[in-house]
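Subject: Handover of a structure and the findings from it

Dear colleague,

Please find below the structure that I am handing over to you.

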Amino acid sequence: MTDPRDDLPRPQTITAAYGVASDPAFGAVAPPLYLSSTYEFAGFDEPRIYDYGRAGNPTRELLADALAKLERGAGGVITSSGMAALDLLVSRLRPDDLILAPHDCYGGTMRLLKARAERGHCSVRFVDQSSGPAFAAALEDQPSLVLVETPSNPLMRVVDIAALAAQARAASAAVAVDNTFLSPAIQRPIELGADYVVHSTTKYLNGHSDVIGGAVVAADPAQVEELRHWANVVGSAGAPFDSWLTLRGLRTLFPRMEQQQINAMRVAQFLDSHPAVAKVHYPGLSSHPGHAIAARQQRGFGAMLSFELLGGVDAVRQFIGAVRFFTLAESLGGVESLVAHPATMTHADMGEEARAAAGIRDSLLRLSVGLEAEQDLIAGLEEGLAACRS
Ligand code: PLP
(Lines give C-alpha, C1' and ligand atoms only; values in the text may rest on other atoms or scores of the structure.)
Protein backbone atom coordinates (compact mmCIF):
# COMPACT_ATOMS: atom_id res chain seq x y z
CA MET A 1 0.00 0.00 0.00
CA THR A 2 1.36 3.44 -0.82
CA ASP A 3 1.39 6.05 1.88
CA PRO A 4 -0.57 9.16 0.71
CA ARG A 5 2.19 11.26 2.25
CA ASP A 6 4.58 9.95 -0.43
CA ASP A 7 2.86 12.39 -2.79
CA LEU A 8 4.00 15.39 -0.76
CA PRO A 9 6.45 17.74 -2.40
CA ARG A 10 9.95 17.69 -0.97
CA PRO A 11 10.32 19.56 2.36
CA GLN A 12 12.36 22.35 0.73
CA THR A 13 9.43 22.95 -1.64
CA ILE A 14 6.94 23.03 1.23
CA THR A 15 8.95 25.65 3.12
CA ALA A 16 9.52 27.83 0.05
CA ALA A 17 6.12 27.59 -1.58
CA TYR A 18 3.34 26.26 0.66
CA GLY A 19 0.34 28.58 0.25
CA VAL A 20 2.07 30.72 -2.40
CA ALA A 21 -0.29 32.07 -5.08
CA SER A 22 -3.34 30.60 -3.33
CA ASP A 23 -5.27 33.86 -2.87
CA PRO A 24 -8.69 33.51 -4.54
CA ALA A 25 -9.52 37.23 -4.27
CA PHE A 26 -6.62 39.00 -6.05
CA GLY A 27 -4.09 36.32 -6.94
CA ALA A 28 -1.60 37.62 -4.36
CA VAL A 29 1.61 35.56 -4.52
CA ALA A 30 2.45 36.03 -0.83
CA PRO A 31 -0.37 34.50 1.24
CA PRO A 32 -2.63 37.25 2.65
CA LEU A 33 -2.85 38.06 6.34
CA TYR A 34 -6.38 37.70 7.75
CA LEU A 35 -6.64 39.68 10.96
CA SER A 36 -10.41 39.65 11.40
CA SER A 37 -11.50 38.25 14.77
CA THR A 38 -14.91 37.23 13.44
CA TYR A 39 -16.55 36.12 10.18
CA GLU A 40 -19.89 36.89 8.60
CA PHE A 41 -22.37 34.00 8.52
CA ALA A 42 -23.70 33.24 5.02
CA GLY A 43 -27.23 33.30 6.49
CA PHE A 44 -29.25 32.08 9.46
CA ASP A 45 -27.56 28.98 10.90
CA GLU A 46 -25.08 29.00 8.01
CA PRO A 47 -21.55 29.49 9.29
CA ARG A 48 -18.79 29.54 6.70
CA ILE A 49 -15.49 27.64 7.13
CA TYR A 50 -14.46 30.16 9.79
CA ASP A 51 -16.77 31.74 12.32
CA TYR A 52 -14.56 33.06 15.15
CA GLY A 53 -10.81 33.70 15.35
CA ARG A 54 -10.14 31.71 18.53
CA ALA A 55 -11.51 28.59 16.85
CA GLY A 56 -9.91 29.10 13.45
CA ASN A 57 -8.08 31.58 11.23
CA PRO A 58 -6.91 31.06 7.62
CA THR A 59 -3.42 32.54 8.13
CA ARG A 60 -2.83 30.45 11.25
CA GLU A 61 -4.10 27.33 9.51
CA LEU A 62 -1.75 27.83 6.58
CA LEU A 63 1.20 27.76 8.97
CA ALA A 64 -0.26 24.77 10.87
CA ASP A 65 -0.66 22.82 7.61
CA ALA A 66 2.84 23.69 6.40
CA LEU A 67 4.37 22.50 9.70
CA ALA A 68 2.24 19.34 9.75
CA LYS A 69 3.39 18.49 6.23
CA LEU A 70 7.02 19.17 7.12
CA GLU A 71 6.77 16.98 10.23
CA ARG A 72 4.84 14.27 8.31
CA GLY A 73 1.92 14.54 10.75
CA ALA A 74 -1.83 14.53 10.13
CA GLY A 75 -2.30 18.15 11.23
CA GLY A 76 -1.22 20.75 13.71
CA VAL A 77 -2.23 23.53 16.06
CA ILE A 78 -0.44 26.87 16.31
CA THR A 79 -0.17 28.32 19.80
CA SER A 80 0.89 31.63 21.30
CA SER A 81 4.25 30.27 22.55
CA GLY A 82 6.27 27.08 22.84
CA MET A 83 5.15 26.77 26.46
CA ALA A 84 1.51 27.05 25.36
CA ALA A 85 2.18 24.23 22.87
CA LEU A 86 3.54 21.99 25.62
CA ASP A 87 0.70 22.97 27.91
CA LEU A 88 -1.83 22.12 25.21
CA LEU A 89 -0.67 18.50 25.55
CA VAL A 90 -0.23 18.57 29.32
CA SER A 91 -3.42 20.39 30.32
CA ARG A 92 -5.54 17.71 28.57
CA LEU A 93 -4.25 15.09 31.00
CA ARG A 94 -6.10 13.95 34.12
CA PRO A 95 -4.93 13.71 37.74
CA ASP A 96 -4.07 10.01 37.45
CA ASP A 97 -1.96 10.53 34.30
CA LEU A 98 1.82 10.39 34.68
CA ILE A 99 4.28 12.26 32.43
CA LEU A 100 7.81 10.93 32.06
CA ALA A 101 10.04 13.89 31.22
CA PRO A 102 13.81 14.26 30.75
CA HIS A 103 15.74 15.28 33.87
CA ASP A 104 17.68 17.81 31.77
CA CYS A 105 14.82 19.43 29.84
CA TYR A 106 14.46 23.15 29.13
CA GLY A 107 14.00 24.99 32.46
CA GLY A 108 10.63 26.44 31.42
CA THR A 109 9.36 22.96 30.59
CA MET A 110 10.40 21.67 33.99
CA ARG A 111 8.72 24.68 35.66
CA LEU A 112 5.49 24.05 33.73
CA LEU A 113 5.39 20.32 34.48
CA LYS A 114 6.13 20.85 38.18
CA ALA A 115 3.47 23.59 38.42
CA ARG A 116 0.83 21.36 36.81
CA ALA A 117 1.80 18.44 39.06
CA GLU A 118 1.84 20.57 42.24
CA ARG A 119 -1.74 21.66 41.51
CA GLY A 120 -2.78 18.02 41.07
CA HIS A 121 -3.54 18.27 37.34
CA CYS A 122 -1.27 15.29 36.58
CA SER A 123 1.91 13.79 38.00
CA VAL A 124 5.42 14.01 36.63
CA ARG A 125 8.62 12.05 36.96
CA PHE A 126 11.98 13.27 35.64
CA VAL A 127 14.36 10.61 34.36
CA ASP A 128 17.62 10.38 32.41
CA GLN A 129 16.21 9.15 29.10
CA SER A 130 19.65 8.52 27.63
CA SER A 131 20.04 5.71 30.18
CA GLY A 132 18.20 2.59 28.91
CA PRO A 133 17.81 0.90 32.34
CA ALA A 134 16.56 4.12 34.07
CA PHE A 135 13.99 4.69 31.32
CA ALA A 136 12.84 1.04 31.30
CA ALA A 137 12.37 1.16 35.10
CA ALA A 138 10.39 4.42 34.86
CA LEU A 139 8.04 2.85 32.27
CA GLU A 140 6.92 0.40 34.94
CA ASP A 141 5.06 3.32 36.54
CA GLN A 142 2.76 3.24 33.46
CA PRO A 143 3.10 6.83 32.19
CA SER A 144 0.49 8.07 29.75
CA LEU A 145 2.87 10.53 28.09
CA VAL A 146 6.62 10.40 27.53
CA LEU A 147 8.09 13.81 26.72
CA VAL A 148 11.42 13.75 24.89
CA GLU A 149 13.83 16.59 24.14
CA THR A 150 16.61 15.63 21.76
CA PRO A 151 19.16 17.10 21.63
CA SER A 152 18.45 18.33 25.14
CA ASN A 153 18.73 21.93 26.26
CA PRO A 154 21.50 22.87 27.17
CA LEU A 155 23.63 19.71 27.41
CA MET A 156 22.88 18.39 23.92
CA ARG A 157 22.23 14.84 25.14
CA VAL A 158 20.85 12.71 22.33
CA VAL A 159 18.03 10.20 22.77
CA ASP A 160 17.33 7.36 20.31
CA ILE A 161 13.75 8.33 19.37
CA ALA A 162 12.89 5.11 17.50
CA ALA A 163 14.07 2.86 20.35
CA LEU A 164 12.39 4.95 23.03
CA ALA A 165 9.13 5.22 21.07
CA ALA A 166 9.03 1.43 20.61
CA GLN A 167 9.54 0.91 24.36
CA ALA A 168 6.89 3.53 25.18
CA ARG A 169 4.41 2.01 22.72
CA ALA A 170 4.89 -1.42 24.31
CA ALA A 171 3.98 0.24 27.63
CA SER A 172 0.93 2.00 26.05
CA ALA A 173 2.41 5.47 26.53
CA ALA A 174 2.17 8.24 23.93
CA VAL A 175 5.41 9.98 22.92
CA ALA A 176 5.84 13.72 22.33
CA VAL A 177 9.16 15.04 21.04
CA ASP A 178 10.19 18.68 21.47
CA ASN A 179 11.89 19.27 18.10
CA THR A 180 12.72 22.92 18.76
CA PHE A 181 16.51 22.49 18.68
CA LEU A 182 16.63 20.94 15.21
CA SER A 183 13.42 21.68 13.27
CA PRO A 184 11.95 19.28 10.68
CA ALA A 185 14.74 20.29 8.29
CA ILE A 186 17.03 18.07 10.39
CA GLN A 187 14.85 15.66 12.40
CA ARG A 188 11.35 14.25 11.88
CA PRO A 189 10.29 12.43 15.07
CA ILE A 190 6.91 11.19 13.74
CA GLU A 191 8.76 9.14 11.10
CA LEU A 192 10.70 7.60 14.00
CA GLY A 193 7.55 6.59 15.88
CA ALA A 194 6.55 9.67 17.92
CA ASP A 195 2.85 10.54 18.33
CA TYR A 196 3.36 14.29 18.71
CA VAL A 197 5.95 16.89 17.82
CA VAL A 198 6.12 20.10 19.82
CA HIS A 199 7.87 23.30 18.74
CA SER A 200 8.79 26.64 20.08
CA THR A 201 8.37 28.29 16.66
CA THR A 202 10.07 31.28 18.31
CA LYS A 203 13.34 29.56 17.41
CA TYR A 204 14.47 28.06 14.07
CA LEU A 205 11.07 27.87 12.37
CA ASN A 206 10.61 31.63 12.50
CA GLY A 207 14.36 32.16 12.65
CA HIS A 208 14.49 35.94 13.03
CA SER A 209 14.00 36.49 16.80
CA ASP A 210 10.90 38.64 16.31
CA VAL A 211 7.98 36.32 17.16
CA ILE A 212 7.01 34.20 20.20
CA GLY A 213 5.02 31.18 19.06
CA GLY A 214 4.53 27.44 19.30
CA ALA A 215 3.06 24.43 17.52
CA VAL A 216 1.90 20.88 18.20
CA VAL A 217 1.73 18.41 15.32
CA ALA A 218 0.00 15.04 15.82
CA ALA A 219 0.43 11.83 13.83
CA ASP A 220 -3.17 10.72 14.31
CA PRO A 221 -6.02 12.74 12.72
CA ALA A 222 -8.29 12.07 15.74
CA GLN A 223 -5.65 13.60 18.02
CA VAL A 224 -5.39 16.62 15.71
CA GLU A 225 -9.14 17.21 16.11
CA GLU A 226 -8.89 16.77 19.86
CA LEU A 227 -5.98 19.25 20.08
CA ARG A 228 -7.84 21.80 17.92
CA HIS A 229 -10.88 21.44 20.15
CA TRP A 230 -8.78 21.84 23.30
CA ALA A 231 -6.96 24.90 21.90
CA ASN A 232 -10.37 26.49 21.37
CA VAL A 233 -11.55 25.46 24.86
CA VAL A 234 -8.55 26.98 26.62
CA GLY A 235 -7.97 29.79 24.09
CA SER A 236 -4.26 29.18 23.45
CA ALA A 237 -4.20 29.78 19.69
CA GLY A 238 -1.45 31.92 18.16
CA ALA A 239 -2.10 35.38 16.71
CA PRO A 240 -2.63 35.65 12.90
CA PHE A 241 0.14 38.24 12.45
CA ASP A 242 2.59 36.04 14.35
CA SER A 243 1.61 33.10 12.14
CA TRP A 244 2.11 35.20 9.02
CA LEU A 245 5.58 36.31 10.16
CA THR A 246 6.50 32.75 11.10
CA LEU A 247 5.43 31.46 7.69
CA ARG A 248 7.61 34.16 6.12
CA GLY A 249 10.55 33.08 8.28
CA LEU A 250 9.91 29.42 7.44
CA ARG A 251 10.55 30.12 3.73
CA THR A 252 14.31 30.12 4.31
CA LEU A 253 14.48 27.35 6.93
CA PHE A 254 16.62 24.97 4.87
CA PRO A 255 19.38 27.35 3.71
CA ARG A 256 19.50 28.92 7.20
CA MET A 257 19.87 25.58 8.93
CA GLU A 258 22.41 24.36 6.41
CA GLN A 259 24.73 27.34 6.82
CA GLN A 260 24.18 27.67 10.58
CA GLN A 261 25.13 24.06 11.18
CA ILE A 262 28.28 24.45 9.08
CA ASN A 263 29.21 27.45 11.24
CA ALA A 264 28.37 25.52 14.43
CA MET A 265 30.63 22.61 13.48
CA ARG A 266 33.56 25.01 12.90
CA VAL A 267 32.86 26.75 16.21
CA ALA A 268 32.66 23.39 18.04
CA GLN A 269 35.97 22.23 16.53
CA PHE A 270 37.61 25.54 17.46
CA LEU A 271 36.36 25.37 21.07
CA ASP A 272 37.28 21.70 21.37
CA SER A 273 40.93 22.48 20.67
CA HIS A 274 41.14 25.57 22.91
CA PRO A 275 43.11 25.33 26.20
CA ALA A 276 40.61 27.51 28.16
CA VAL A 277 37.75 25.10 27.38
CA ALA A 278 37.16 22.05 29.57
CA LYS A 279 34.46 20.35 27.49
CA VAL A 280 32.35 20.89 24.37
CA HIS A 281 28.85 19.41 24.03
CA TYR A 282 28.06 19.13 20.30
CA PRO A 283 26.67 15.92 18.76
CA GLY A 284 28.61 16.65 15.55
CA LEU A 285 31.91 15.89 17.31
CA SER A 286 32.83 12.20 17.08
CA SER A 287 33.77 12.32 20.79
CA HIS A 288 30.14 13.19 21.77
CA PRO A 289 28.43 10.15 23.39
CA GLY A 290 25.32 10.65 21.21
CA HIS A 291 27.24 11.14 17.93
CA ALA A 292 26.30 7.78 16.35
CA ILE A 293 22.59 8.10 17.21
CA ALA A 294 22.52 11.71 16.00
CA ALA A 295 24.23 10.71 12.73
CA ARG A 296 21.55 8.05 12.25
CA GLN A 297 18.37 9.92 13.18
CA GLN A 298 19.27 13.50 12.15
CA ARG A 299 20.12 15.08 8.79
CA GLY A 300 22.98 17.11 10.25
CA PHE A 301 23.95 18.15 13.76
CA GLY A 302 22.19 21.48 14.17
CA ALA A 303 23.53 24.86 15.24
CA MET A 304 23.23 24.63 19.05
CA LEU A 305 26.11 23.69 21.31
CA SER A 306 27.34 24.25 24.83
CA PHE A 307 30.76 24.26 26.44
CA GLU A 308 32.36 24.43 29.86
CA LEU A 309 35.10 26.87 30.78
CA LEU A 310 38.05 25.66 32.85
CA GLY A 311 38.06 28.73 35.08
CA GLY A 312 34.53 28.38 36.55
CA VAL A 313 32.18 31.35 37.13
CA ASP A 314 35.04 33.91 37.13
CA ALA A 315 36.01 32.78 33.66
CA VAL A 316 32.34 32.97 32.56
CA ARG A 317 32.18 36.60 33.69
CA GLN A 318 35.44 37.47 31.88
CA PHE A 319 34.37 35.63 28.74
CA ILE A 320 30.98 37.35 28.59
CA GLY A 321 32.65 40.74 29.05
CA ALA A 322 35.04 40.22 26.14
CA VAL A 323 33.33 37.97 23.57
CA ARG A 324 32.24 39.60 20.29
CA PHE A 325 29.49 38.73 17.80
CA PHE A 326 27.64 36.54 20.34
CA THR A 327 24.98 38.61 22.13
CA LEU A 328 24.26 37.69 25.75
CA ALA A 329 20.56 36.81 25.56
CA GLU A 330 18.00 34.08 26.18
CA SER A 331 16.52 32.19 23.22
CA LEU A 332 18.10 30.62 20.18
CA GLY A 333 17.57 29.72 16.55
CA GLY A 334 17.74 33.20 15.02
CA VAL A 335 20.06 34.32 12.24
CA GLU A 336 22.20 36.15 14.81
CA SER A 337 24.54 34.35 17.22
CA LEU A 338 23.65 34.34 20.92
CA VAL A 339 25.39 33.20 24.09
CA ALA A 340 23.52 32.24 27.27
CA HIS A 341 24.58 31.21 30.76
CA PRO A 342 22.01 28.50 31.61
CA ALA A 343 22.58 28.55 35.40
CA THR A 344 21.60 32.24 35.70
CA MET A 345 19.34 32.55 32.66
CA THR A 346 17.38 29.80 30.84
CA HIS A 347 17.68 27.21 33.64
CA ALA A 348 17.76 29.50 36.71
CA ASP A 349 14.23 28.51 37.85
CA MET A 350 15.16 24.83 37.85
CA GLY A 351 17.02 25.37 41.13
CA GLU A 352 20.57 24.35 42.06
CA GLU A 353 19.71 20.78 43.03
CA ALA A 354 17.91 19.90 39.78
CA ARG A 355 20.67 21.59 37.78
CA ALA A 356 23.31 19.54 39.59
CA ALA A 357 21.29 16.34 38.98
CA ALA A 358 21.10 17.19 35.28
CA GLY A 359 24.82 18.05 35.08
CA ILE A 360 24.31 21.76 34.28
CA ARG A 361 27.36 23.39 35.88
CA ASP A 362 27.91 27.08 36.61
CA SER A 363 30.83 27.03 34.14
CA LEU A 364 28.55 26.03 31.25
CA LEU A 365 27.75 28.42 28.39
CA ARG A 366 25.29 27.75 25.57
CA LEU A 367 25.76 29.06 22.03
CA SER A 368 23.19 29.52 19.30
CA VAL A 369 25.33 29.86 16.19
CA GLY A 370 23.98 32.18 13.53
CA LEU A 371 24.69 33.18 9.95
CA GLU A 372 27.62 35.55 10.51
CA ALA A 373 30.94 34.82 8.78
CA GLU A 374 32.60 31.88 10.48
CA GLN A 375 35.93 33.76 10.72
CA ASP A 376 34.26 36.60 12.66
CA LEU A 377 32.54 34.16 15.02
CA ILE A 378 35.80 32.40 15.78
CA ALA A 379 37.70 35.68 16.20
CA GLY A 380 34.93 36.89 18.55
CA LEU A 381 35.14 33.73 20.66
CA GLU A 382 38.94 33.92 20.68
CA GLU A 383 38.70 37.39 22.28
CA GLY A 384 36.34 36.05 24.96
CA LEU A 385 38.58 33.09 25.72
CA ALA A 386 41.73 35.21 25.79
CA ALA A 387 40.11 37.29 28.56
CA CYS A 388 39.56 34.14 30.67
CA ARG A 389 43.26 33.41 30.81
CA SER A 390 44.41 36.88 31.86
N1 PLP B 1 11.18 24.03 24.25
C2 PLP B 1 12.49 24.32 24.17
C3 PLP B 1 13.47 23.23 23.86
C4 PLP B 1 12.94 25.63 24.38
O5 PLP B 1 14.26 25.89 24.30
C6 PLP B 1 11.99 26.63 24.68
C7 PLP B 1 12.42 28.03 24.92
O8 PLP B 1 13.59 28.34 24.99
C9 PLP B 1 10.64 26.29 24.77
C10 PLP B 1 10.27 24.99 24.54
C11 PLP B 1 9.60 27.33 25.11
O12 PLP B 1 9.30 28.10 24.01
P13 PLP B 1 8.72 29.62 24.10
O14 PLP B 1 9.82 30.45 24.66
O15 PLP B 1 8.38 29.92 22.69
O16 PLP B 1 7.53 29.57 24.99
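Predicted model: local features only at pLDDT ≥ 70, side-chain atom pairs only at ≥ 80, totals over all residues.

Glu308 and Arg361 form a salt bridge, in which the closest N and O atoms are 2.8 Å apart. Glu308 belongs to strand E9 (residues 304-309), and Arg361 to the loop between helix H12 (352-358) and strand E12 (364-368), so the pair ties together parts that are 53 residues apart in sequence.

In the whole structure, 15 salt bridges are found.

Since Arg116 is part of helix H4 (residues 107-118) and Asp87 is part of helix H3 (residues 82-90), the pair ties together parts that are 29 residues apart in sequence. Asp87 has a relative accessible area of 18% and is therefore buried, the limit being under 20%.

Another salt bridge brings together the side chains of Arg296 and Asp160, at 2.8 Å from N to O. This pair links distant parts of the chain, 136 residues apart: Arg296 sits in helix H10 (residues 291-297), while Asp160 sits in the loop between strand E4 (145-149) and helix H6 (161-170). Arg296 is exposed, with a relative accessible area of 57%, and Asp160 is partly exposed, with 23%.

There is also a network of salt bridges, which links Arg72, Arg188, Glu191 and Arg299.

The ligand and its surroundings

Which residues are found around the ligand? They are Ser81, Gly82, Met83, Tyr106, Asn153, Asp178, Thr180, Ser200, Thr202, Lys203, Gly213 and Leu332. Sorted by class, this shell has 3 nonpolar, 7 polar and 2 charged residues.

For Gly82, the atom concerned is a polar backbone atom, and an oxygen atom of the ligand is 2.9 Å from it. For Asn153, a polar side-chain atom lies 3.1 Å from an oxygen atom of the ligand. In the case of Thr202, an N or O atom in the side chain is 2.7 Å from a ligand oxygen atom. On its own the ligand has 390 Å² of accessible area, and the protein covers 91% of this.

Strand E1

How many residues of strand E1 (residues 75-79) are buried? The count is 5 of its 5 residues, and the strand is accordingly described as mostly covered. Gly75, Val77 and Thr79 point one way from E1, Gly76 and Ile78 point the other way, and all of them are buried. E1 runs antiparallel to strand E7 (residues 214-218), and 5 bridges join the two. Within E7, Gly214 is the bridge partner of Thr79.

Backbone geometry

Most residues other than glycine have a negative phi, and most peptide bonds are trans. The following places in the model depart from that pattern.

The peptide bond that joins Thr150 and Pro151 is cis, with omega at about -5 degrees. Pro151 is located in the loop between E4 and H6. A cis peptide bond also leads from Asn153 to Pro154, where omega is near 10 degrees. Pro154 likewise lies in the loop between E4 and H6. Asn153 is the residue listed above among those around the ligand.

Arg72 is not a glycine, yet its phi is positive, at about 60 degrees. Arg72 lies in the loop between helix H2 (58-70) and E1 and is buried, with a relative accessible area of 13%.

Ser172, which is not a glycine either, has a positive phi of about 60 degrees. Ser172 is placed in the loop between H6 and strand E5 (174-178). Is Ser172 buried or exposed? Ser172 has a relative accessible area of 65%, which means that it is exposed, the limit being over 50%.

Yours sincerely

Terms used
Residues numbered from 1 in each chain as written. Heavy atoms only, no water. Near = heavy atom within 4 Å. Polar contact = N/O pair within 3.5 Å; in protein donor to acceptor, adjacent residues only side chain to side chain. Areas by Shrake-Rupley, 256 points an atom, 1.4 Å probe, with all protein chains shown as cover. Nonpolar A, V, L, I, M, F, W, Y, C, P; charged D, E, K, R; others polar. Salt bridge = Lys/Arg side-chain N within 4 Å of Asp/Glu carboxyl O. Helix = DSSP H or I, 4+ residues; strand = E, 2+ residues; numbered from the N terminus. Buried < 20%, exposed > 50% of the residue type's maximum accessible area, 1.4 Å probe, protein only. Pairing = 2+ DSSP bridges.
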